[in-house]
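Please read them with the structure open.

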Amino acid sequence: MKKSIQDLRIVSKEYPGNNYVLLKMTTTDGSLLPEMLPGQFAELKVDESPSTFLRRPISINYVDKDNNHVWFLIQMIGDGTKKLGSLNEGDLISVILPLGNTFTTDLTQGSKALLVGGGVGTAPMLYLGAALKAKGVNVSFLLGARNIDALLQLEDFRQYGNVHTTTEDGSHGEKGFITNHSVLNDEKFDYIFTCGPKPMMMAIAKYAADKKIECEVSLENKMACGFGVCLCCVENTKEGHKCVCSDGPVFNLKKLLWQD
Amino acid sequence: MARLDVKIGNLELKNPVMTASGTFGYGIEFADFIDLNRLGGFIVKGTTLKHREGNPYPRMAEVPMGMLNAVGLQNKGIDYFAENIYPELKDFDTNVIINVSGSTIEDYVATAEKCNALENIPAIELNISCPNVKEGGMAFGTSTKSAEDVVSAVRKAYDKTLIVKLSPNVSDIASIAKAAEAAGADSVSLINTLLGMAVDAEKRTPLLSTVTGGMSGAAVKPIALRMVWQVFNAVKIPVIGLGGIMNATDAIEFLLCGATGVQLGTANFIDPQITVKVIDGINEYLDRQGCKDVNEIIGALKV
Ligand SMILES: Cc1cc2nc3c(=O)[nH]c(=O)nc-3n(C[C@H](O)[C@H](O)[C@H](O)COP(=O)(O)OP(=O)(O)OC[C@H]3O[C@@H](n4cnc5c(N)ncnc54)[C@H](O)[C@@H]3O)c2cc1C
Ligand SMILES: Cc1cc2nc3c(=O)[nH]c(=O)nc-3n(C[C@H](O)[C@H](O)[C@H](O)COP(=O)(O)O)c2cc1C
Ligand code: FES
């Protein structure tokens, strides 16, 4: 897919939770946004933040084709993301996109997919859920967070499937961690997709491997370029070092060395 | 519109702007962003005789106005390059240069010989300055004796333009440059990355798997400029300047300090179109300064 670099304009800024912003962006000249696929990401340039030298990789949260908007859900964790979160409607951000590969979306109609997101790792699951539902896949989401304030976009998720939640303090859904949620025992899935903190993904991966369920994970290794030229972001796989930015970020669990 | 073409050895460049090895992939990755034919040249990833997996993750740490890397020359080897990558690169209307690395003199020579056979590769850049591999690499670039040994051995095996890339991790870079010149280098390029380190205080761990790594980016520019100036005053062969160039003004500063060509490295990560912007910016500067030819400003620093 052809990559583009362009300034996008913030058309709306929302606060879906404490410390998170949702930026909805569009082109400056009314042209159509490039095609983007679930699992892909963008590299956002951060201006006027002296401690932020490199761009910041942010997942495609959703593509609203009707309005020509791309959504970025950003957790304000350090200087770069705080600066992005301080921008306002009308401001421009230089964005490189689309980057990386995509989740598998051509599943058989009627098959059951579980989309597991922890923390801001829920971000790519929204667009993935929408794409899977459009293909007639039966979608369930399992979303986990520290507390209710960090459970984001639940209304949006509900449009595409059943939503199961866990919070560490029990303020929403089942109390505890994602990997203990009852849905994992009560239902059978054909496919699992996951993005989030590595320990969570590894636990989900173990569950998938034990149950022999196909599983794709989206990794968030530290990146310098985001488009496959610096070789900084590698994950060691069964085929050697692979770039998370260009060979990933989505990997089939069978390719990774997590089980060994 | 001033003349922008420069010569480095037998190499004719349509303008002084090239890209730095390891920051530009094989060039093709940038084809969506720029017209590669506009570049004076581009230098592909560090290439070794045999396939190398490189260092374990994590390999990158951001630092104020720069970054550290510890990639460790991950590449598929010169044969893979010749068979699979070269066919895609050979018809570009620009100079495609291979950055050659090794851990023994024999490796360097064998790789250079294979490069010699690639018709549309007009030059190699001998990397005697990689701080990220245990054996060799930088070791060759840190003493005049070993620099001379490896350069003269490669010189015998390679008859096109030979550029030697110098390490800044030395106390007297001019003496290494002179050794490379005496051994037959057509040009020297500098600087490679500066050996650095970054620490996670909370976890009490280094941020790189290799503990130390190579620093690049805006923060290294003053050191790179100083070294280019020193080397320019010490050798007769053309100097290629790099290290921390983020825009046209930075590039012009290197030209004024004596660089005949420049390379852009880390800046490509932040703006993949930076190379063409720098070419345009140099042109505008020359017009503004009333210069007809970029060669008028090379080494034209008033001191
Ligand atoms: C492919 C990909 C997609 C991503 N998608 C999103 C997204 O949709 N929304 C979102 O909010 N974030 C996302 N991230 C993570 C985001 O890029 C980082 O949080 C951001 O770079 C931090 O920048 P900063 O300047 O705010 O913080 P920094 O000051 O750089 O770091 C703050 C803290 O965050 C940690 N950190 C930084 N980068 C990462 C990382 N890549 N993984 C884990 N920890 C990190 C640092 O170690 C440090 O402790 C994604 C990362 C990748 C690689
Ligand atoms: C990720 C990365 C990989 C690099 N790999 C190589 C390499 O393979 N060979 C080499 O000679 N220099 C390599 N370098 C060094 C650059 O070519 C350049 O000398 C250095 O980054 C300074 O320039 P800059 O500040 O413009 O990036 C690498 C630099 C980076 C950041
Ligand atoms: S971040 Fe540069 S290759 Fe992946």
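1. In this predicted model, 19 residues lie around ligand 1, and those that come nearest are Pro57(A), Leu73(A), Gln75(A), Gly80(A) and Thr81(A).

2. Three elements of chain A, namely β4 (56-59), β6 (69-75) and α1 (79-86), each give at least two residues to the shell around ligand 1. The largest share is that of β4(A), with four residues. By residue class, this shell has nine nonpolar, six polar and four charged members.

3. Backbone atoms of chain A make polar contacts with ligand 1. A polar backbone atom of Leu73(A) is 2.8 Å from a nitrogen atom of the ligand, and a backbone N or O atom of Glu220(A) is 3.0 Å from a nitrogen atom of ligand 1. An oxygen atom of ligand 1 lies 3.0 Å from a polar backbone atom of Gly78(A). On its own, ligand 1 has 880 Å² of accessible area, of which the protein covers 74%.

4. Which chains supply the surroundings of ligand 2? Residues from chains A and B do, so this site is shared between chains. The shell of ligand 2 numbers 22 residues, and the closest are Ser21(B), Lys165(B), Gly217(B), Gly244(B) and Thr266(B). Sorted by class, the shell around ligand 2 contains six nonpolar residues, 15 polar residues and one charged residue.

5. A backbone N or O atom of Gly46(B) lies 3.3 Å from an oxygen atom of ligand 2. How much of ligand 2 does the protein bury? Of the 610 Å² that ligand 2 exposes when taken alone, the protein buries 96%.

6. The space that ligand 2 takes up is the largest cavity.

7. Where is Ser129(B) found? Ser129(B) belongs to the loop between β8 (123-127) and α3 (144-157) of chain B. Ser129(B) has 0% relative accessibility, and since buried means under 20%, this residue counts as buried.

Key
Residues numbered from 1 in each chain as written. Chains lettered and ligands numbered in written order. Predicted model: local features only at pLDDT ≥ 70, side-chain atom pairs only at ≥ 80, totals over all residues. Heavy atoms only, no water. Near = heavy atom within 4 Å. Polar contact = N/O pair within 3.5 Å; in protein donor to acceptor, adjacent residues only side chain to side chain. Areas by Shrake-Rupley, 256 points an atom, 1.4 Å probe, with all protein chains shown as cover. 1 Å grid on protein atoms, 1.4 Å probe; cavity = no way out; pocket = protein on both sides within 12 Å on 5 of 7 lines; lining within 4 Å. Sits in = over half its atoms within 2 Å of the grid points. Nonpolar A, V, L, I, M, F, W, Y, C, P; charged D, E, K, R; others polar. Buried < 20%, exposed > 50% of the residue type's maximum accessible area, 1.4 Å probe, protein only.
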